[in-house]
Amino acid sequence: MEGNVKVECTQGDITQQADLDAVVNAANAELRTGGGVAGAIHRAAGPELEEACRPMAPIKPGEAVMSPGFGLPNKKIIHCLGPVYNIDKPSDQLLASCYWNALKLAESVRLSSVGFPAISTGAFGYPLEEAAEVTADAIHSVISDLSHVALIRMVLFSDRDLQVYRKAFRINR
Ligand code: AR6
């Protein structure tokens, strides 16, 4: 708990977070289906998602856009394009922008809970420890500006990812 905002790290699948108002997609610039998180989200949400996203594409690294959740249990999906590590530079600032812009969108429609995957740490090659530090700093730096979002959940796919993000967020359990 930091002020009125709870930040937690859990191991799981981003498409299975039924108690959250929104989940974040580790998207591609075209907002199409893909591998990893984007594939899982598009499969679970259904083909309406690609259609709804088309007019908002392309997006640039660090940007975020929002769509309905369609077949997902969440009201909204926030699509972030993470940086390709060391290609989209400065990678740390672009990764931090993903989290800031996603939370700004969530606030703009008064959502109270948002789940994030570990953006850029899969196909985009961001080293896990570095991504975890940037992510924790980015989230900690905006917490005091949030007035609607009261729960931020990092959803990590593997146990190792969970341990690394817990350490970066200084959550001991
Ligand atoms: N739930 C939670 N985390 C997951 C899931 C899931 N269902 N599936 C994978 N992860 P990635 P990126 C983890 O590659 O690096 C796509 O093809 C995964 O283990 O999904 O931002 C898009 O189309 C890793 O730790 O996202 C883009 O082209 C993390 O989520 C590109 O990949 C992010 O992996 C985006 O690459």
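For 173 residues, a compact globule would have a radius of gyration near 16 Å, and the 14 Å of the protein chain agrees with this; the radius is taken over C-alpha atoms, and the globule rule is 2.2 Å times the number of residues to the power 0.38. The C-alpha trace spans about 40 × 35 × 30 Å along its principal axes.

The model is predicted: local features need pLDDT of at least 70, side-chain atom pairs count only at pLDDT 80 or more, and totals for chains, interfaces and linings use all residues. Residues are numbered from 1 along each chain as its sequence is written, and side-chain values use heavy atoms, with hydrogens and water left out.

Next, colour by secondary structure.

Now select Ile78, Tyr99, Phe116, Met154, Tyr165 and Phe169, which touch the most other members of the largest nonpolar core, a set of 42 residues. Such a core joins buried (under 20% relative accessible area, 1.4 Å probe, protein chains only) Ala, Val, Leu, Ile, Met, Phe, Trp, Tyr and Cys residues through side-chain atoms within 4.5 Å. Helix 4 (residues 128-142) supplies the largest share of this core, eight residues. Apart from this core lies another, of 16 residues, including Ile41, Ala45, Cys53 and Leu72.

Finally, centre on Phe116. Leaving aside residues up to four places away in sequence, Phe116 touches Ile14, Val24, Tyr99, Ala102, Leu103, Ile152, Arg153, Met154 and Val155, where contact means heavy atoms within 4.5 Å.

Note on methods. Buried means under 20% relative accessible area, exposed over 50%, partly exposed in between (1.4 Å probe, protein chains only). Helices (H or I, at least four residues) and strands (E, at least two) are DSSP runs, numbered from the N terminus.
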